[in-house]
Amino acid sequence: MHIEDWRSQIKRGTLEFCVLLMIARGECYGYELITRLERRPILAARESTIYPLLRRLLKDGLLASSWRDSSEGLPPRKYYTITGAGREYLAAMEAEWSGLLQAIDEIKRRND
């Protein structure tokens, strides 16, 4: 296995978590999420990854969306907000993430 394969597996498992974290801090539109993720190269994702993820989160009731006209004369944008169910799910994800990091840290420190 190459490091790129491993990085891809990590990314696949954490992208949903990161998208929900960003939207929980304030509503976002799809391209904005892509741009913000690109600032962290290990999390950079293409439209072909982000938009299906957003559609699934909408379908699952974790996000809500609304269309708004752009102030710059561009086509309308679809903004995403997190729902109550999304906040509950995100809280559960945060607990699992903390537990995972703690377990990894223990293994690193104990060498077992």
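Mentor: In this predicted model, helix H1, which spans residues 3-25, packs against helix H4, residues 84-110, at an angle of about 125°, and the two axes lie 10 Å apart. That angle makes H1 oblique to H4, and the crossing of the pair is left-handed. On the H1 side, the contact is formed by Thr-14, Glu-16, Phe-17, Leu-20, Leu-21 and Ala-24. H4 answers with Arg-87, Tyr-89, Leu-90, Met-93, Glu-94 and Trp-97. Sorted by class, the residues of this contact of H1 with H4 comprise eight nonpolar, one polar and three charged.

H1 also packs against H3, here at an angle of about 70° and with the axes 11 Å apart. Since angles of 65 to 115 degrees count as roughly perpendicular, H1 and H3 are therefore roughly perpendicular to each other. H1 contributes Leu-15, Glu-16, Val-19, Leu-20 and Ile-23 to this contact, while H3 supplies Thr-49, Ile-50, Leu-53, Leu-54, Arg-56 and Leu-57. The class division for H1 with H3 is eight nonpolar, one polar and two charged residues. Glu-16 and Leu-20 of H1 take part in the contact with H4 and also in the contact with H3.

H3 has a further helical partner in H2, residues 30-38: the axes of H2 and H3 come within 10 Å and cross at roughly 125°. H2 is thus oblique to H3, and their crossing is right-handed, whereas that of H1 and H4 is left-handed. From H2 the contact draws on Gly-30, Tyr-31, Leu-33, Ile-34 and Leu-37, and from H3 on Glu-47, Ile-50, Tyr-51 and Leu-54. Seven nonpolar residues, one polar and one charged make up the contact of H2 with H3. Ile-50 and Leu-54 of H3 belong to this contact and to the one with H1 as well.

The largest share, five residues, comes from H1. By class, the lining holds four nonpolar, two polar and five charged residues.

Taken along the principal axes, its C-alpha atoms fill a box of roughly 60 × 30 × 20 Å. Within that chain, H1 packs with H4 and with H3, and H3 in turn meets H2.

Notes: Residues are numbered from 1 along each chain as its sequence is written. This is a predicted model: local features need pLDDT of at least 70, side-chain atom pairs count only at pLDDT 80 or more; totals for chains, interfaces and linings use all residues. Side-chain values use heavy atoms; hydrogens and water are left out. Axes are lines fitted to C-alpha atoms, for helices over the stretch in contact, and angles run from 0 to 180 degrees between N-to-C directions. Helices (H or I, at least four residues) and strands (E, at least two) are DSSP runs, numbered from the N terminus. Angles under 35 degrees count as roughly parallel, over 145 as roughly antiparallel, 65 to 115 as roughly perpendicular and the rest as oblique. A crossing is left-handed if the near helix is turned anticlockwise from the far one by less than a right angle, and right-handed if clockwise. Contact means heavy atoms within 4.5 Å. Ala, Val, Leu, Ile, Met, Phe, Trp, Tyr, Cys and Pro count as nonpolar, Asp, Glu, Lys and Arg as charged, and the others, Gly among them, as polar.
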